[in-house]
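Hi,

Here is the structure I promised to pass on to you. Have a look at it first, and then read my notes below.

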Amino acid sequence: MNGYEVKQYHGPVKRYCQTMDLCDDPALIAEYRRRHSQGEAWQEILDGIRQVGILEMEIYILGTRLFMIVETPLDFNWDEAMARLATLPRQQEWEEYMALFQDCRPDATSNEKWQMMERMFHLYE
């Protein structure tokens, strides 16, 4: 593995890490991956993520476990941004479109599906 390149910013950013489980079905997981591939994710959803102030978002997968990293400006307010995101065009439709694959309530918002993780260690300086 060669690692992953990360985007550089001119100053510090906040980082949020979240997790969610998918249904344990290889065919569903393959389709979930396809729907997130380049050109398949809906442009309105990508635009909405940027509109609420998110700078960068990455999703990693291991088996049925998803891990998401979100980077934002320092003045970003998670709760306000997620409340706004839920009201943007096609966001609820996207959540329903993806619910089939996710091991959570079908009517859950993105903020309810993705569980915030607590950082317990870091190696800085």
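Tyr 4, Tyr 60 and Phe 67 form one aromatic cluster in this predicted model. Rings of Phe, Tyr and Trp (its six-membered ring) count as a pair if their centres lie within 6.5 Å; planes under 30 degrees apart are called stacked, over 60 edge-to-face, and the rest tilted. That rule gives nine aromatic pairs. One of them joins Trp 42 and Tyr 97, which are stacked, with 4.8 Å from centre to centre and 25° between the planes. Trp 42 is in the loop between α1 (26-35) and α2 (43-51), while Tyr 97 belongs to helix α4 (residues 91-99), so this pair ties together parts that are 55 residues apart in sequence. The names come from DSSP runs, numbered from the N terminus: helices (H or I) have at least four residues and strands (E) at least two.

A word on the ground rules: residues are numbered from 1 along each chain as its sequence is written, and side-chain values use heavy atoms, with hydrogens and water left out. Since the model is predicted, local features need pLDDT of at least 70 and side-chain atom pairs count only at pLDDT 80 or more, while totals for chains, interfaces and linings use all residues.

Is Trp 42 buried or exposed? Trp 42 counts as buried, at 14% relative accessibility, and Tyr 97 counts as partly exposed at 27%. (Buried means under 20% relative accessible area, exposed over 50%, and partly exposed in between, using a 1.4 Å probe and protein chains only.) Tyr 97 also pairs with Trp 94: the ring centres are 5.7 Å apart and the planes are at 50°, so this pair is tilted. Both residues lie in helix α4, three residues apart, which is about one turn of the helix. Trp 94 is buried, with a relative accessible area of 8%.

The charged end of Arg 35 sits over the ring of Tyr 97, 3.7 Å from its centre, and Arg 90 lies over the face of Trp 42, at 4.0 Å from the ring centre. (For this, NZ of Lys or CZ of Arg must be within 6 Å of the ring centre and within 35 degrees of the ring normal.)

Next, the sheet. Four strands make an open sheet in the order β2-β3-β1-β4, with antiparallel pairing. The strands β2 and β4 (115-116) stand at the edges with a single partner strand each, so one side of each has no neighbour in the sheet. Two strands pair if DSSP finds at least two bridges between them, and β1 and β4 pair over two bridges in the antiparallel sense. Gln 18 stands opposite Met 116 in β4.

Now for the spaces. On a 1 Å grid over the protein atoms alone, a cavity is a set of points where a 1.4 Å probe fits but cannot get out; a pocket is an open set with protein on both sides within 12 Å along at least five of seven lines, and lining residues have an atom within 4 Å of a point. Points are joined across faces, edges and corners, and a volume is the space filled by probe spheres set on them.

The largest pocket holds about 1100 Å³ of space. Its lining has 36 residues, and His 36, Ala 41, Leu 46, Met 57 and Ile 59 lie nearest the centre. By class, this lining has 19 nonpolar, ten polar and seven charged residues. (Ala, Val, Leu, Ile, Met, Phe, Trp, Tyr, Cys and Pro count as nonpolar, Asp, Glu, Lys and Arg as charged, and the others, Gly among them, as polar.)

The second largest pocket has a volume of about 500 Å³. It is lined by 19 residues, with Arg 15, Tyr 16, Cys 17, Arg 119 and Tyr 124 nearest its centre. Strand β1 gives the most to this lining, with three residues.

Enjoy exploring!
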